[in-house]
Amino acid sequence: MKSGTGQAVGSVEAPARAAVRTTDLVKTYPAVRSRRGSPAAPAVRATDGVSLQVRRGEVFGLLGPNGAGKSTLVRQLTGLLRPDSGAVDLLGHDVVRHPERAARLLAYLSQDSSALDELTVSLAIETTARLRGLAPRAARRTRDEVLVELELGALAGRPLNRLSGGQRRLACVGAALAGERPLLVLDEPTTGMDPVARRAVWAAVDRRRERDGCTVLLVTHNVIEAETVLDRVAVLDRGRVIACDTPGGLKALVGDDVRLELVWRDRPPLEVPRIAELRAEATVTGRRWTLRLPPRTARETVTSVTTGPAFAALDDFTLATPSLEDVYLALGGRTEGLVKA
Amino acid sequence: MSATAAGGARTTDERHPERRTEPRTERLPADGHPAAAPRPVPHGEPGAERETVSDTESRIEPEPLAAPARLWPALGAVYRAQLSRARFARIPLLFVATFQSLGIMILMRGVVDGGAEARAVVAGASVLVVAFVALNLLAQYFGQLRASGGLDHFATLPVPAASVVLGAAGAYASFTVPGVVLTAVFGSVLFGLPLGGLWVLVAVVPLAGAALAGLGATLGLSAPRAELATLCGQLGMSAALLLGVLPAGRLPEPVRWLRDLLPSTYGVEALAAALEPVPEWGRVAVDLGVCAAVGLVSLTVATWAYRRAAVR
């Protein structure tokens, strides 16, 4: 989709200015006392000393499973939530001290669409553009452009809550893109979308980056998407950044190991000695075995499972180079909750 | 950068004094040391590329802020969107509100013969339509918006809090107009009251609407849970029903005090006075004045509640 993954990482050569910079950001949600019907919850450090720097013009991702602290971090960047301590700098503005400035610097796509739900797609986009400070004529023009850009024309007159999940999400992306902003903060923008809609979204985002030098901060738990669209990615787990690099750089951390997945038709043919050996190394999920192997061993294993009685019992297999999911796992993160689609 | 273009060409330094007065010490570089005092280094100076991050940043101006939405245009945009929302989703509820009031009047027809009590019933039933929509439904709307995180949408747009609250309140109040007019006309005919004073609805609906919508918005935005907001809205409407429709003369003393505290009461009184054969316009004006004052206070409190709810 784009280049940029090859740029130097951790280099002292700084770009003109960071678009987003957080310094030692901490946010703790207080403990909840137990009430009737709801158990007590201990205090949660949702953001635990996060220091990040997003360069201008890059597509930067926050990757992690649900509950990793991605949304809490984003809410602090957008001025919606005041951190307990630490600093947030957006394009040269201190957003902790002046949270109201965030709205004049960024466009934010939240996960929730309830503010727009009962509006038509067209009115949702136009109203958002108006509230972003555009004059009536400019707002209408922007609305028309966004409708064409995201191929929403056919849905323009329908209220958001009568659309499918993916279509509604696309309309919300449309509202987020209405009115120019140097920084786009998108919280899981493509959830529920079909591939056509996804492509339209990434094309629109790319256009803004190339035309206006937009910086994009993307929250995702979709590892495949993260690999394809991000310039750099910060991996979050339990409120901490456990790694931050290009997707390629992160994958290099895992080394050369490849992932072999075997899916058995019925039950694994354990009577085959090689299969019995593999069982000890595999992560078993129902009929599926996941193995992380050096490339040479993987090749040999593929040969042995695709011949003889093992092949008869085999339903499917995949051999893949490391993904961000493997990185996440190697870094000690909990992998449940990451989406591979 | 294109941010200034978003607000049109009017984005000038006069409108954004913060661009010039931005205190540089606010921005700390990543290493945590205070930024060096800004030096007038021209961009083209040799060796500039070798500077550290903090040196480079200390002399770059912050990104200009896009122009915020102004109060009245933003209010207009919110009003239009809310009215359209109401049209799509709330028409059945307006029918409910209107039929409820018509039903109450038909019921009271058997008890009340005419005179002051009939005027109180018609005025109370008419304002009840406003209470149903502006208080009850608005409390529910803001309660749900707050609980679901929908307020984030508005909070991350550069829009004044008053625009969101007044726009929504205004739209909900306007939405009641057909129901109120129908109720008032039907009631006047039913009880044989003169129709000549009904023009006063032009003032009663917006003023009672402001007072009740402000109350509804405050309840919705302050309730910790959406269900509580719904409950408060329902209770508020029940209060408007009992204290507004039942003639004040028949209520016990403590309940009458409660009635005086309810913001809709003054709208009811004004409308009742206007339904007299020879209305005392002075009294109508005083009641409307009180209603306006309550409305102002109520909307101010609602705006405060919105600000509090939007940024936690």
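**Entry 1**

Buried means under 20% relative accessible area, exposed means over 50%, and partly exposed is in between (1.4 Å probe, protein chains only). I note that the model is predicted: local features need pLDDT of at least 70, side-chain atom pairs count only at pLDDT 80 or more, and totals for chains, interfaces and linings use all residues. Residues are numbered from 1 along each chain as its sequence is written, chains are lettered from A and ligands numbered from 1 in the order in which they are written, and side-chain values use heavy atoms, with hydrogens and water left out.

Which residue forms a salt bridge with Glu118(A)? I found Arg85(B), with the closest N and O atoms 2.7 Å apart. A salt bridge here is a side-chain nitrogen of Lys or Arg within 4 Å of a carboxyl oxygen of Asp or Glu. By this rule I get 29 salt bridges over all chains. Arg85(B) lies in helix 4 (residues 71-89) of chain B, and Glu118(A) in the loop between strand 6 (106-109) and helix 2 (121-131) of chain A, so the pair joins two chains. Helices (H or I, at least four residues) and strands (E, at least two) are DSSP runs, numbered from the N terminus. Arg85(B) is buried, at a relative accessible area of 3%.

Next I checked Arg209(A). Its salt bridge is with Asp206(A), and the closest N and O atoms are 3.8 Å apart.

Then I turned to Arg288(A), which forms a salt bridge with Glu261(A); here the closest N and O atoms are 2.9 Å apart. Arg288(A) is in strand 13 (residues 288-293) and Glu261(A) in strand 11 (residues 258-264), both of chain A, so the pair ties together parts that are 27 residues apart in sequence. Is each residue buried or partly exposed? Arg288(A) counts as partly exposed because its relative accessibility is 37%. Glu261(A) counts as buried because its value is 10%. I also found a network: salt bridges that share partners join Glu126(A), Arg143(A), Asp144(A) and Arg80(B).

I looked at Asp89(A), in strand 4 (residues 85-90) of chain A. Asp89(A) is buried yet has no salt bridge. The nearest side chain of opposite charge, Arg21(A), is 4.3 Å away. For charge, Lys and Arg count as positive and Asp and Glu as negative; His and the chain ends are not counted. A polar atom of the Asp89(A) side chain lies 3.0 Å from the backbone nitrogen of Gly92(A).

Glu58(A) is in the loop between strand 2 (44-55) and strand 3 (59-63) of chain A. I found Glu58(A) buried, with a relative accessible area of 3%. A polar atom of its side chain is 2.8 Å from the backbone nitrogen of Arg55(A). How far apart in space are Glu58(A) and Cys214(A)? C-alpha to C-alpha they are 7.7 Å apart, although 156 residues separate them in sequence.

I found Asp152(B) in helix 7 (residues 151-155) of chain B. Asp152(B) counts as buried, at 5% relative accessibility. Leaving out residues up to four places away in sequence, Asp152(B) touches Arg75(A), Leu80(A) and Tyr108(A). Contact means heavy atoms within 4.5 Å.

**Entry 1: Positive phi**

Asp24(A) is not a glycine, yet its phi is positive, about 50°. Asp24(A) is in strand 1 (residues 18-29) of chain A and is partly exposed, with a relative accessible area of 46%. Arg238(A) is not a glycine either, and its phi is positive at about 50°. Arg238(A) sits in the loop between strand 9 (232-237) and strand 10 (240-245) of chain A. I found Arg238(A) partly exposed, at 49%.

**Entry 2: Chain B**

How many helices and strands are in chain B? I count 14 helices and zero strands. Chain B has 312 residues, and 52% are buried. Among its contacts between residues at least 6 apart in sequence, 80% join residues at least 24 apart. Chain B exposes about 13700 Å², and carbon and sulfur atoms supply 67% of it. Accessible areas come from the Shrake-Rupley method with a 1.4 Å probe; for residues, only the protein chains shown count as cover.

Terms used:
A polar contact is a pair of N or O atoms within 3.5 Å; within protein, one must be able to donate a hydrogen and the other to accept it, and residues adjacent in sequence count only if both atoms are side-chain atoms.
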